[in-house]
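Please keep the sequence and the 3D view at hand while reading.

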Amino acid sequence: MASPKAVQSAASAKLMVHLATYRRRLTRLLKGSRNAQQELARISKALRSKSDIVLVHTCGKVGSTAMHAAIASLRKVACLQTHFISPDGITTARADHANLGQDPWHLHVGERIGQELAIHPQRPVKIVTSVRDPIARAISNLFENPELTTGRADLETLPMGKLAALAEEQVAASLNYMETWFDTELAYLLGDNLLNRPFQAASGFCAYPDDRRGLFVVKLESLDDALAAALAEFLGQPKPLRIPMRRSRSNTPDAGLYTQLHARLSLPETLVTKVYSSRLCRHFYSEAEIVRFSKRWTARS
């Protein structure tokens with residue numbers, strides 16, 4: 001049996017370990033907080049400067065990271081990537097993440113941008129946004145944010161039948177989310193609804209020049225050389241942008257499961273028809289594209 005002195009010594013040593021761990025965590029927390037405040041101050045400074053500001057503002061899982069990387073590499077351009085800027089959008093998104101104990105950084109960025117634009121409403125910014133086949137987006141988002149979409153952290157433990165059922169549930173939710181996003185987020189910045197503006201479905205992208213809120217819209221499926229040249233022209237750049245493929249699902253640990261789901265998923269025709277008859281799909285996609293998408297998700301060999 002250990003002596004009282006030995007027990008006390010062991011307890012003291014354990015307490016010192018806990019204190020050291022606490023100090024390290026507190027240091028990281030304070031450092032992270034300082035860094036976050038510095039970054040928000042940098043955003044405010046950029047928006048108050050004469051620099052060209054580009055907002056890659058999208059609903060997420062539509063190629064925004066690739067476009068942000070390309071634009072951020074330009075000289076004398078401050079490029080910010082956001083998903084929510086409107087007060088209503090940020091409040092709703094923050095409540096959704098709060099259920100998981102999260103407060104994503106992009107919400108703080110969007111909140112700060114919204115505050116600065118409210119103070120300086122005439123501040124010119126260029127907005128780049130994109131759209132994607134809602135079904136493809138739903139499946140991508142299921143794998144990217146499983147906790148937020150299904151409450152599960154690990155999809156690998158699910159049988160394929162259950163995973164397919166979850167994907168089907170997410171399809172309708174993704175369509176509703178995307179349409180609401182366009183109705184609120186872009187309308188907040190533009191003053192009108194993008195779905196009321198004409199779009200060149202054949203080219204896959206469209207520019208809407210404006211001295212205060214210029215807008216460039218592209219379909220994710222159209223990320224090619226023609227798009228790179230058109231985006232460069234919109235941004236006033238002499239050379240086409242190089243848009244890298246980023247965050248490809250094939251490079252992630254769950255690539256195999258993702259590929260299996262893509263190969264086996266066959267959605268009900270009624271659901272597919274609902275998605276592709278939506279005002280969002282009819283606005284951005286041609287009849288030929290809609291037919292191709294429909295066959296992709298209802299027919300499997």
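## Salt bridges in the model

Ten salt bridges are found in this structure, which is a predicted model. Some of them are described below, together with the exposure of the residues that take part.

## A pair within helix α1

Glu-39 is joined to Arg-42 by a salt bridge, in which the closest N and O atoms are 2.7 Å apart. Both residues belong to helix α1, which covers residues 4-48, and they are three residues apart, or about one turn of the helix.

Is this pair buried or exposed, or something in between? Glu-39 has a relative accessibility of 27% and therefore counts as partly exposed, and Arg-42, at 41%, also counts as partly exposed, because this class holds values between the 20% limit for buried and the 50% limit for exposed.

Which residues meet the side chain of Arg-94 in salt bridges? One of them is Asp-103, with an N to O distance of 2.9 Å, and another is Glu-111, with an N to O distance of 3.3 Å. Because Glu-111 lies in helix α4 (residues 105-119) and Arg-94 in helix α3 (residues 87-98), their pair ties together parts that are 17 residues apart in sequence. Through salt bridges that share partners, Arg-94, Asp-103 and Glu-111 are joined into one network.

Arg-94 counts as partly exposed at 22% relative accessibility, Glu-111 counts as partly exposed at 30%, and Asp-103 counts as partly exposed at 41%.

How values were computed: Residues are numbered from 1 along each chain as its sequence is written. This is a predicted model: local features need pLDDT of at least 70, side-chain atom pairs count only at pLDDT 80 or more; totals for chains, interfaces and linings use all residues. Side-chain values use heavy atoms; hydrogens and water are left out. A salt bridge is a side-chain nitrogen of Lys or Arg within 4 Å of a carboxyl oxygen of Asp or Glu. Helices (H or I, at least four residues) and strands (E, at least two) are DSSP runs, numbered from the N terminus. Buried means under 20% relative accessible area, exposed over 50%, partly exposed in between (1.4 Å probe, protein chains only).
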